[in-house]
Amino acid sequence: MHAIWRIASCDFRLTMREKSAVLWIFLMPLAFMTFFGLSFGGSSGQTPKATLTVENNDDGYLSGDLISLLAGENYYIQMSDTLPEGRDPVRTLIIPERFTDDVLGREKVELALVRDRGSNRNAGEAASAAVIRSIARLISGLIEIENGLVNEGSGSIAVRGDSLYGSLLLVTREQPGMAAVLEERIDTMLVRPANITVVSERAGKGVEIPRGFQSSVPGSLVMFVLMTMLFSGSVLTAERKDGVLRRIGMSPAGKGDVVAGKLIGRIFVAAAQIIFLLAVGKFLFRISLGSSPGGLFFLMLTFAFAMGSLSILFGAFLSDPDQVTTIGVITSLAMSALGGCWWPLEVVSAPMRMVAYCLPTGWTINGIHRLISFGMGTSAVLPHIAVLFLFGLVFLVLGARRLKWDV
Amino acid sequence: MTEMITVKELNKSFGEVRAVRGISFSVAQGEIFGFLGPNGAGKTTTISMLSGLLRPDSGSITIDGMDMASRGRDIRRIMGVIPQEIALYDELSGRDNLLFWGGLYGLAGGDLRDQVDRALELVELTDRAKDAVRTYSGGMKRRINLCAGLVHSPKIILLDEPTLGIDPQARIRILEVVKGLASEGRTVIYTTHYLEEAEQLCDRIAIIDEGTVHASGTLAELVELVGGKVMVSVTGDFSADEAKQVLGEAEFDHISDGELRVKLLDRDQTGRLLGGLFSAGLHVDGVAIREPSLESVFLQVTGRELRD
């Protein structure tokens, strides 16, 4: 036990002394968290505002009302005639000529929503829904005004039998001064709180997609703990090359002591990294750590154990530190990408999700999101911890059996 | 004297290569036992087996009454190994390295610190103890490398070519330290391919080549093997038969076309030997005379020079 502690604390100190290691362990993850967090929507947790370009060919007031309603639908409205030069619209709503007159005259009107090929399909569908909602509010306002005029006994619009005769356009034409009154009534109605609000909620377990820093912090945390662990495999090969490992082998420390000491030293480094990055996530990026931060920490430590064991395996099988670094880079990039560190697993296809669950990174990312994004407790990640522990155990046994003192 | 190390019929092969072939020897307490041989002779393999790093294919090693096969860890506790290479953490200071290596041998707390201070004084590195090892000169690195194997005050010390590639001054300091350790009653096994080191330092020497101990004993005993005679080597344009005809009564160590080695009672007889060759009309290119020494012993028992 004494030898294990000596080896572990020596490895920890050596790692922490290295300036480049500190850069990769603590600073680079921050840069990645920031970059990916901002790229995937920041920390608001709300749907980000998309831009809707409007080409308005109408000279009446109803098109203006429609545009106001759309602006209230969480869209930045960009008028096509003020679009900066060289910038192509992503999605454009085209309001035809005579829109106001045709709507007031109860004529059929066609609005076109044109979207760029490369635009986000989901955002396009959301824009379409927003346009429909705005039109519905506009039409319902007009119907209310029509009813009012019918009840007032306006001659230009009336109900005969089951049919409505006349139109608001006729009212404005036959009764001078009514155009301004109608416009004012419509404006008043549109700013009034909606009479009916429809709330839609998912039945059963929905699939939440973590976004912004809620996605980038766990992704970067897992990726950089993985890199820290895998690159440490080169220490083992370097020590074997320099004869240090051989000298340790000539001491009373056995092979088991060396493997355990090396692994524990690495886990110390990972523990410092995990605590630092989770604290940054919570206090700088304001993400939620869920209801069991202890479970989260333990899950990450188990992941560090699995990857530390993999680094021992690399160190045991490979003879050159550069080989370990090269294979470490390839492995960590592949495992990060496939395991869901770079984008949420919820947005990839089912086969790719299956691939993710063959990897320790996939289990870890899923476990983290269960704890911090989906509101689950530690018991929900016990299978994840067990799987990661098994991964680690297999790597460790293979690595320890293969470990040689000499080159 | 108490026998500290007993090795019997040790064998070790790596695939087809037989690195050690039936080596046997014993070393008494307080003795410096040297292994003299060229690179690849089997010295490091023998040290690796003595330190428990390699398991012999056959044979036995008993150290301080303990069998290596069953009590390897206990043996390693009383043993200090100084490897051929500078096996240290370059980024750590000399002191931190010694604290680490001492800690591996079970030392802790004040005892560890005291032993480290003592070891640093022994190799005169107390002033540089806080500097990183990477800033040390080659000789200083060798000294701290030596220290790392001594910090736990081992009863048995294995030194594997500890003076490799260092300046004469640092070498002298290391040899003094080793002599001092033996005078304290520690048992030392010292491998080297420097003849003069073996001559100066070792109480007994084993000449090892191609995994076999060819001869062993004190320097005087080994010199006696060549009969205390001068060895004269002659090269030239002559055949073995011609040379034999001329020097029929001489004591040949080796004879072949163009080369011969003859043992003479003293160097004064060399003139007569060469005169015989010249008067027979044989052409001589070169002559080398060796006084009885470890070098001539090595040549005689292995059939080749140590620097070959």
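Two residues are in contact if their C-beta atoms, placed from the backbone, lie within 7 Å. I noted that before anything else.

**Ground rules.** I'm looking at a predicted model, where local features need pLDDT of at least 70, side-chain atom pairs count only at pLDDT 80 or more, and totals for chains, interfaces and linings use all residues. Residues are numbered from 1 along each chain as its sequence is written, while chains are lettered from A and ligands numbered from 1 in the order they are written.

**The sheet.** I looked up helices (DSSP runs of H or I, at least four residues) and strands (runs of E, at least two), numbered from the N terminus. Strands pair if DSSP finds at least two bridges between them. In chain A, four strands make an open sheet, ordered β2-β1-β3-β4, with mixed pairing. I found β2 (75–79) and β4 (112–115) of chain A at the edges, each pairing on one side only. β1 (residues 50–56) and β3 (residues 91–95) of chain A run parallel, joined by four bridges. I also looked up A:E55, and its bridge partner in β3(A) is A:I94.

Helix α3 (residues 62–71) of chain A lies across β1, β2 and β3 of chain A. I got an angle of about 145 degrees to β2(A), with axes fitted to C-alpha atoms (for helices over the stretch in contact) and angles running from 0 to 180 degrees between N-to-C directions.

**Chain B side.** I see 19 residues of chain A in contact with 17 residues of chain B. α1(A) gives the most to chain A's side, with six residues.
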